[in-house]
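Have a look at the sequence and the fold before reading on.

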Amino acid sequence: MARNCNHRDKDSKQLVYTRHASQRLQQRGIRKKTIDVIVRYGKWRYRCDAKSYFMDKSSRQPAKSGLTPDEIRSVEKGFGCYAVVRDEVVITVGRRGRSFKSH
């Protein structure tokens with residue numbers, strides 16, 4: 001079951017990226033700002049003691065209403081991405097595909 005993730009606010013700590021996550025961001029052409037928006041507004045599921053954040057249709061509209069038009073344009077392409085996060089540390093990121101299922 002996916003859960004809303006509106007626990008992060010503008011005063012919360014910045015995310016920390018592992019070396020692996022930084023490499024995946026670069027390899028997959030994903031921006032850190034996009035991951036921040038996904039974690040702030042997206043939904044999440046537990047996966048192996050970490051939260052896997054993603055944007056579904058119901059979480060896109062609140063994200064768009066909380067961002068400026070320029071921010072929307074810069075991150076909208078990344079709404080098909082996911083981030084695996086544990087304790088404010090981004091472990092890995094990727095692009096969601098058809099095989100992205102919960103177990």
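What follows goes from the overall layout to one strand and then to a pocket.

## Ground rules

This is a predicted model, where local features need pLDDT of at least 70 and side-chain atom pairs count only at pLDDT 80 or more, while totals for chains, interfaces and linings use all residues. Residues are numbered from 1 along each chain as its sequence is written, and side-chain values use heavy atoms, with hydrogens and water left out.

## The overall layout

The protein has 4 helices and 6 strands, taken as DSSP runs numbered from the N terminus (helices are H or I, at least four residues; strands are E, at least two). Reading from the N terminus, the order is β-β-α-α-β-β-α-α-β-β.

Of the 103 residues, 41% are buried, meaning under 20% relative accessible area with a 1.4 Å probe, protein chains only. A contact is heavy atoms within 4.5 Å; among contacts between residues at least 6 apart in sequence, 64% join residues at least 24 apart.

How many residues of β4 are buried? The count is 5 of the 5, so β4 is largely enclosed by the rest of the structure. Both faces are covered, with A50, S52 and F54 buried on one side and K51 and Y53 buried on the other.

Strands count as paired if DSSP finds at least two bridges between them. β4 pairs in the antiparallel sense with β3 (residues 43–47) over 5 bridges, and R47 has A50 as its bridge partner. The hairpin of β3 and β4 has 2 residues between the strands, and C48 takes a positive phi near 50 degrees there. β4 also pairs with β5 in the antiparallel sense, over 4 bridges; here Y53 is partnered by A83.

## The second largest pocket

A pocket is an open set of points on a 1 Å grid over the protein atoms alone, where a 1.4 Å probe fits, with protein on both sides within 12 Å along at least five of seven lines; lining residues have an atom within 4 Å of a point. The second largest pocket holds about 160 Å³ of space, a volume being the space filled by probe spheres set on the points, which are joined across faces, edges and corners.

Its lining has 11 residues, with K51, Y53, V85, R86 and D87 nearest the centre. The elements giving two or more residues to that lining are β4 (50–54) and β5 (81–86), and β4 supplies the largest share, 3 residues.

Key. Buried means under 20% relative accessible area, exposed over 50%, partly exposed in between (1.4 Å probe, protein chains only).
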